[in-house]
Amino acid sequence: MNILLTGARGFVGARIAAAMPVIAAPSLRNMTEDGVKRLVDETEPEAIIHTAAISDIPTCEKDPDASYFANVLLPVWLAKTGVKAVLFSTDQVYGGCKSEGPYAENETAPANTYARHKLEMEKRVLEINPHAVLLRATWMYDMPLYGTANRGNFLVHMLLKQEAAFSAAQHRAVTYAREVAQWTQRALSLPGGSYNFGSENSLTMLETAHWLKERLYLPITLRDAGPRPHLWMNCGKAKSQGIQFRHTADGLEQCIRDYDLDLR
Ligand SMILES: NC(=O)c1ccc[n+]([C@@H]2O[C@H](COP(=O)([O-])OP(=O)(O)OC[C@H]3O[C@@H](n4cnc5c(N)ncnc54)[C@H](OP(=O)(O)O)[C@@H]3O)[C@@H](O)[C@H]2O)c1
């Protein structure tokens with residue numbers, strides 16, 4: 001299958017490119033709607049996987065116009081081409097939910113610019129192309145990958161930092177980015193709609209950090225970061241379609257095995 005991948009040099013995109021054959025799109029920064037259409041006309045993909053985005057929350061807060069361009073307009077223009085598309089969204093769309101969770105796909109309450117733009121993107125893309133698949137990803141981790149920018153993530157923080165703060169009250173999952181890359185191929189055959197897409201986790205973030213500290217005998221000092229919004233997803237909808245991620249601790253175990261991180 002001829003798959004056009006955006007953001008192929010990004011954190012998730014690079015791992016998707018390593019997991020399946022794709023055509024890497026050029027950077028979409030500053031691209032016009034005509035440019036996006038031309039790119040799709042020239043590459044004639046059977047499907048598009050769209051990972052390019054501004055995914056840093058403070059950057060979106062500081063520059064909402066840039067966030068709107070990258071996180072709403074670009075995906076809308078891709079959807080308008082009519083090609084089957086899988087597009088990444090975020091668990092941040094649940095950041096303003098008042099209940100404990102875990103949250104199903106219809107319980108959204110975005111609480112920052114990034115999340116508001118991602119949710120608007122999901123709605124507009126589905127209006128244009130009801131066959132599109134929107135994947136709400138959790139915070140993802142992996143070891144650095146040679147030749148790509150080294151994005152900070154939970155695992156790397158835990159391995160490198162002397163101290164870190166995570167919330168003892170926050171329920172959220174972290175997911176192994178390589179597992180996300182593997183399931184993304186399967187997501188191409190999902191019926192159109194939004195899906196919670198990642199590991200589930202019954203531990204709080206601080207408990208998860210303590211688990212990893214003890215598992216790898218890490219010297220890090222952990223503190224409670226205080227209250228944080230739950231970002232806890234119920235992934236039953238994806239599971240009903242055969243997409244079942246490892247739980248967070250099992251995903252971390254897999255990553256520890258893959259990289260031989262257990263040095264005791
Ligand atoms: N990383 C996470 O933990 C996480 C968690 C939840 C959801 N997500 C979502 O998953 C997707 C992939 O995330 P990621 O961590 O791989 O992102 P990333 O590495 O920060 O960025 C992916 C790519 O986006 C492109 N990009 C950056 N700024 C841009 C701009 N202003 N305009 C257009 N394109 C721009 C860049 O590609 P070029 O260099 O080719 O321009 C970059 O390599 C995103 O949709 C993100 O919102 C990520």
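A helix crossing is left-handed if the near helix is turned anticlockwise from the far one by less than a right angle, and right-handed if clockwise. In this predicted model, the crossing of H1 and H7 is right-handed. The two helices, H1 and H7 (residues 177-187), pack at an angle of about 60 degrees, and their axes lie 8 Å apart. That angle makes H1 oblique to H7, because angles of 65 to 115 degrees are needed to count as roughly perpendicular and angles under 35 degrees to count as roughly parallel.

On the H1 side, the contact is made by Phe 11, Val 12, Arg 15, Ile 16, Ala 18 and Ala 19. H7 contributes Ala 177, Arg 178, Val 180, Ala 181, Gln 182, Thr 184 and Gln 185. By class, this contact has 8 nonpolar, 3 polar and 2 charged residues.

At least two shell residues each are supplied by helix H1 (11-19), helix H4 (64-80), strand S4 (84-90) and strand S6 (139-141). There are 22 residues around the ligand, and those that come nearest are Gly 7, Gly 10, Ser 27, Ala 53 and Phe 88. The shell divides into 12 nonpolar, 7 polar and 3 charged residues.

These elements belong to a protein chain with 10 helices and 10 strands. The C-alpha atoms of the chain fill a box of roughly 55 × 40 × 40 Å along the principal axes. The radius of gyration is 18 Å, which agrees with the value near 18 Å that a compact globule of 264 residues would have.

Technical notes: Residues numbered from 1 in each chain as written. Predicted model: local features only at pLDDT ≥ 70, side-chain atom pairs only at ≥ 80, totals over all residues. Near = placed C-beta within 6 Å. Helix = DSSP H or I, 4+ residues; strand = E, 2+ residues; numbered from the N terminus. Nonpolar A, V, L, I, M, F, W, Y, C, P; charged D, E, K, R; others polar. Axes fitted to C-alpha atoms, helices over the stretch in contact; angles between N-to-C directions. Parallel < 35°, antiparallel > 145°, perpendicular 65-115°, else oblique. Contact = placed C-beta atoms within 7 Å. Rg over C-alpha atoms; globule rule 2.2 N^0.38 Å.
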